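Here is a quick briefing on one protein model. Keep the structure open as you read.

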Amino acid sequence: MRDVTRRDLMLGAAAFATALGREQTALAAPPHRLTVGAFELTIVSDGHLVLPTTFLAPDAPEGERAAILKEAGESGPEFNSPTNHTLVRAGRELILVDTGSGPHFMPSAGKLAGNLAAAGIDREAITTVVYTHGHPDHLWGVADDFEEVVFAKARHVVAAAEWDFWHGANATSGLPPERAGFVTGARRSYAHIKDKVRMVKPGDDVVTGLRVLATPGHTQGHISLEVAGGEGLVIGGDALTHALISFRHPAWRPQADHVPDVAAATRARLLDRLATDRIRLIGFHLPWPGVGYVERKDRAYRFVGG
C-alpha cells in the first residue's frame, strides 16, 4: 500500500467539500439564463464578498451617503457584494467571463467551480475565458489549491492595457499599502496563463458578435463585453458596482477605483448609452443575477432588474 500524501488528504477533503457543496448549492438560487440574439447566456455565482461600507464612496457627503446606505440596507460596518459570472454560448464556443476569487481571497467567495458543477456545466467544456480586469475576485480563481489551471482546456483573453498595467513598474502606484498584495497576486495568477493568452484591445471581437468595450478607470485597462443581437447587452464587470450609488451618483468615488476621475467618466458615458439605447446590463456586483436596465431618474439614473 502506498503512503498517503498531503495531496491525497487534500483531494479527499476537497471531494467531501464538493459533496457538501452540492447539498448547499441546491438550496441557493439556480443559474439564471437568458438569450440575446444568437447567444445563450448563463449566470452563475462565485459567492459574495464581505467588504467594509467605507469602500462605498468615502469622500461623498456624509449625510447623503448614510441615507443611501440605509436605503440599501448597508448601514453597518460591512456589506455583502454579489459576484455574478456570465457564460456565453456562441455556437460551439462556451465563453466564461472572469474566473472568480479562487481559494485564497475570501471564505465567502471562490465558489464558482463548485457552482458550475452543481449546475451541470463541465468546466472542461469551457473553450475561452475572458478577464475584465486583474482584481482578486475576477482573476485569482484561475488556479486551484495545487496551483493548477482550473479551466485548463480554455484559451485565455486579457486586455493588453490591463496586462501591461499589472506587470509594469508602476503597478503599485496609487494603491493603498494594504492592497499592494493585489499586484503580487495578479502577477502570480497571470503567470499560469502566459503561454496561452490572447491579448485584445477595445473594438476586438472575442468571437463574432461579442466585442471588447473600453471601460477604464476601475483599473487602468478594465474592459466590458458587448453582446450583439436583440436589444443588445453589456457584460459590465466592475464599471458599475453598486445598485444605488453607481447610478444615482456616478461621480462619487468608490475606494476600489484605481483612477477615480477616469472611472467616473466611464460610468457617466456608459450609463448614458445604456439608458438611451435601452441596452441590458449584467453587473458583476449588482444584486443577483445582476441583469437589468438603466433608466433616467431625477437628473441621474436607476437600475431596474429584469
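The lining of the largest cavity holds four nonpolar, five polar and three charged residues. The model is a predicted one. The points below start with its cavities, then turn to cores, a helix and the backbone.

**Cavities**

- The model has four cavities of 30 Å³ or more.
- The largest cavity has a volume of about 90 Å³.
- Its lining includes Ser101, Gly102, Pro103 and His104. Trp140, Val142, Ala143, Asp144 and Glu147 also line the largest cavity. So do Arg188, Ser189 and His192.
- Among the residues lining the second largest cavity are Asn84, His85, Thr86, Val97 and Asp98.
- Which strand gives the largest share of the lining of the second largest cavity? Strand β3 (residues 78-90) does, with three residues.
- By class, the lining of the second largest cavity has four nonpolar residues, five polar and one charged.

**Nonpolar cores**

- In soluble globular proteins, nonpolar side chains tend to be buried together.
- The largest nonpolar core here has 28 residues. Leu87, Leu116, Ile126, Phe151 and Tyr190 have the most contacts inside this core.
- Several elements each supply at least two residues of this core: β4 (93-97), α3 (112-118), β5 (128-131), α5 (160-167) and α6 (181-191).
- Which of these elements gives the most to this core? Helix α6 does, with four residues.
- Another core, of 24 residues, lies apart from the largest one. Among its residues are Leu41, Val206, Leu225 and Leu233.
- Now look at Phe151 itself. Leaving out residues up to four places away in sequence, Phe151 touches Leu96, Thr99, Leu112 and Leu116, among others. Arg123, Ile126, Val129 and His156 are also touched by Phe151.

**Helix α2**

- Which residues of helix α2 (residues 62-71) are buried? They are Arg65, Ile68 and Leu69.
- Viewed down the axis of α2, these buried residues fall within an arc of 100°, so they line one face of the helix.
- Gly63 and Lys70 are exposed on the other side of α2.
- The cover over the buried residues of α2 includes α7 (245-248).
- Glycine 73 follows α2 and has a positive phi, near 75°.

- Is the peptide bond from tryptophan 288 to proline 289 cis or trans? This bond is cis, with omega near 0°.
- Proline 289 sits in the loop between β12 (280-282) and β13 (291-297).
- Glutamate 147 is not a glycine, yet its phi is positive, about 60°. Find glutamate 147 in the loop between α4 (136-139) and β6 (155-159).
- Glutamate 147 is partly exposed, with a relative accessible area of 36%. Glu147 is also one of the residues that line the largest cavity.
- Arginine 299 is another residue other than glycine with a positive phi, near 60°. Arginine 299 lies in the loop between β13 and β14 (300-305).
- Is arginine 299 buried or exposed? Its relative accessibility is 91%, and exposed means over 50%, so arginine 299 counts as exposed.

Terms used:
Residues are numbered from 1 along each chain as its sequence is written. This is a predicted model: local features need pLDDT of at least 70, side-chain atom pairs count only at pLDDT 80 or more; totals for chains, interfaces and linings use all residues. Side-chain values use heavy atoms; hydrogens and water are left out. Buried means under 20% relative accessible area, exposed over 50%, partly exposed in between (1.4 Å probe, protein chains only). The arc is that of the directions from the helix axis to the C-beta atoms. Contact means heavy atoms within 4.5 Å. A nonpolar core is a set of buried Ala, Val, Leu, Ile, Met, Phe, Trp, Tyr and Cys residues joined through side-chain atoms within 4.5 Å. On a 1 Å grid over the protein atoms alone, a cavity is a set of points where a 1.4 Å probe fits but cannot get out, and a pocket is an open set with protein on both sides within 12 Å along at least five of seven lines; lining residues have an atom within 4 Å of a point. Grid points are joined across faces, edges and corners, and a volume is the space filled by probe spheres set on the points. Ala, Val, Leu, Ile, Met, Phe, Trp, Tyr, Cys and Pro count as nonpolar, Asp, Glu, Lys and Arg as charged, and the others, Gly among them, as polar.
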